[in-house]
Amino acid sequence: MPEATTRSAKPGAAKAAVLNSALDGEGAGDGRSVEEIRAAALAVYESLPLPTWRRSGFWTTSLRDLDLDTLEPDHHEGGSELPAVVTDAIGDEPLAGLLVQRGASVVHAQLDPELAERGVIFTALEDALRDHPELVAEHFMKRLTYDRHKLDAAATALWSGGAFLHVPDGVVVEAPFQVVYLIEGPGTVQYAHTLAVGGANSDFRLREYDLAAPFEGPALHAGHFELYLGDGARCRLAHFQDWGGAGQEVHDVSTHVAEVGRDGHCLWMPIHLGGHLTRQHIELVTAAQGSDMRHRGIYFTEGDEHLDLFTVDLHEVGHTTGDTVWHGAATGASRASYEGLIKIVKDAQESHTYLQTHSMMLSPKAKVDAIPSLIVETDSVSASHGGTVGELDEALVFYMQARGLPRADAVRMIVEGYFEPIVTQLEDERLEGLVRERIAAKLAAAAEDISAYAAAR
Amino acid sequence: MPDLEIKNLHVRTEDREILRGVDLTVDKGEIHALMGPNGSGKSTLANTILGHPAYEVTEGHIRFRGEDLTEADPEDRAQAGLFLAFQYPVAIPGVSVANFLRMAMNANREEDITVKEFGKDLKHAAELLHVDRSFTSRHLNDGFSGGEKKRCEILQMAMLKPEIAVMDETDSGLDIDALRTVAEGVNALHRETGMGALIITHYQRLLHYITPQFVHVLLDGRIVREGGPELVHQLESEGYDFLRNEAAVDA
């Protein structure tokens, strides 16, 4: 059933506020085949209107400006050279594998042959469905849903291409697996699905980049991401979203979920550095004793961007640990909302978790929200949260100016420094460099706005 | 031409006038002490010299080697050769001491400092202030103890080699060992580079280790007494009350 009618805060009200909750709805797991699930999703897709998320009178994420009927999938032939926006972002460091989807088509799928010999699979999801049907069916949509809203259904029913990664038991891979989703034109829609599975005691890195070549006009990315880590498995996971700057109207409505097995560990870093309108549900589940997750997120909005993030730290059994830290900043007339839920279910005693979210407003017209929340259905746990929304600290600026640094340099160092403790935790130099570069460019673009704001305060 | 020249300086914050006509000249090579009870305007003067935006100069001026800096941006004052050792240094998360210092040094010179030269300077400064080299890879003042923060201020001073340093209550919150280290650092800089200093203090502790040539006493926003090092001892034994009484009689 759609969220907006099942989870009304004010029953009966037609435009009721939605209470965000952990993933709950129709998915896989009842023996249906992938085809049956997709057919069911298609029926849901056709029956629902575009969703609106309304948390309160102060926050609404609406897709009313998006005309789905005008959007078409953008098909590409494989084998051609990769566009510069992709090669610039990934650089030339060695990768365990690279998979690139342009629009609706996977155009490049490459895996280190040594890893293929050790049983690693890294390929388009549609190819994996054909070549490894049982392995895919075992995990496909295990935690994802297809009936929470129209685009949840669309991502299930209509995806093409997609990415599938399987790292077998005990396989340790140092170089990262890289997935890229690229959008190149206005009027295009991309339905994406990444499925990643780490066997027991596997250890690997996975990055998913969402990129756009410069264009003007609307486009849509509706994506599903799912990662399942077996017992003792470890993964460093990054999502890097940069759908381009002002005028580039990429809408992104996605759901990402990761499940950590017994004594497993996942460090997950979502990075949001550009998107006209983004609504993402990001859920990390510690699903067996001893599992541990670390969530480190970043966002930086500018122009008239609208970012709506909802994260869940879900503890399904006891003796699990979690730690979530988000740092965000907003310039221009952008709006950024981060809501983080810690949920500890009944019988999950001895779970310990912590969530903190910080947001920095760098412009008078920017609007940021930081909402930590807590649902604890058991006792003998520790769960705490905290959130701050602040402005640039002028005491820091003066301190640095008094050492001879011009104001713009001081502001750049302070904001970069604010993100730095998060960025460095991934221990991924290439990605760190990319994030620093993009943040510096955004600060340079917003320099006038930021000084005018300081002068007015 | 004097180096730092403060003339008839009147300063207010929001609704209150704090400095009411301060005259003070500090030349390179000179050590001045500015003393006064709490609330007399000492920190206001220190912050105003470096151009803190919360303080408004309503009358008078600040000049450095003839150049009027009264309305200058803080970075221009720093680049001219002024330095402020903060009373309460702020923490800057995510920015290492070394990285910050390199940025600050480069802002104060034409060509960027070489890695080799920077390393040499940093080693020298760290030894002078008795801090471990690992200190400089920590984030600036983030999680530092009170004593570490003050040492870090003087470390920055040693690296930036200002013409005139204003030290705002650097002695407060320091234990005796740290106090001695900081004083040795200041004396060495004074000796090696001819740095001038305006040492602002409420107590006299730091002045047991650094001997000022000139002592000024600030009371209710005005300098009410000037003299040599003997004034420090007089204040130590008699407190500020005798000056208050004198000021009351004058008024």
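Guide: Let's begin with a definition: axes are lines fitted to C-alpha atoms, and the angles between them run from 0 to 180 degrees between N-to-C directions. Keep in mind that this is a predicted model.

Visitor: Happy to. How are two packed helices described?

Guide: In general, packed helices are described by the angle between their axes and the distance between the axes. Here, helix α2 (residues 34-47) of chain A packs with helix α7 (residues 150-157) of chain A at about 145°, and their axes are 8 Å apart. The crossing of α2(A) and α7(A) is left-handed.

Visitor: Which residues of α2(A) and α7(A) meet?

Guide: From α2(A) come I37(A), R38(A), A41(A), L42(A), V44(A) and Y45(A). They meet K150(A), A153(A), A154(A), T156(A) and A157(A) in α7(A).

Visitor: Now the strands, please. Why is strand β4 of chain A described as largely enclosed?

Guide: A residue is buried if 20 or more other C-beta atoms lie within 10 Å of its own. In β4(A) (residues 97-102), 5 of the 6 residues are buried, so the strand is largely enclosed by the rest of the structure.

Visitor: Is the pairing of β4(A) with β8(A) parallel or antiparallel?

Guide: β4(A) pairs with strand β8 (residues 177-183) of chain A in the parallel sense, over 6 bridges. Within that pairing, V180(A) is the bridge partner of V100(A).

Visitor: And what do β4(A) and β5(A) form?

Guide: A hairpin, with 2 residues between the strands. β4(A) and β5(A) (residues 105-111) pair in the antiparallel sense over 6 bridges, and L99(A) stands opposite A109(A). In the turn, G103(A) has a positive phi of about 55°.

Notes. Residues are numbered from 1 along each chain as its sequence is written. Chains are lettered from A and ligands numbered from 1 in the order in which they are written. This is a predicted model: local features need pLDDT of at least 70, side-chain atom pairs count only at pLDDT 80 or more; totals for chains, interfaces and linings use all residues. Helices (H or I, at least four residues) and strands (E, at least two) are DSSP runs, numbered from the N terminus. A crossing is left-handed if the near helix is turned anticlockwise from the far one by less than a right angle, and right-handed if clockwise. Two residues are in contact if their C-beta atoms, placed from the backbone, lie within 7 Å. A residue is buried if 20 or more other C-beta atoms lie within 10 Å of its own, exposed if 12 or fewer, and partly exposed in between; C-beta atoms are placed from the backbone. Two strands pair if DSSP finds at least two bridges between them.
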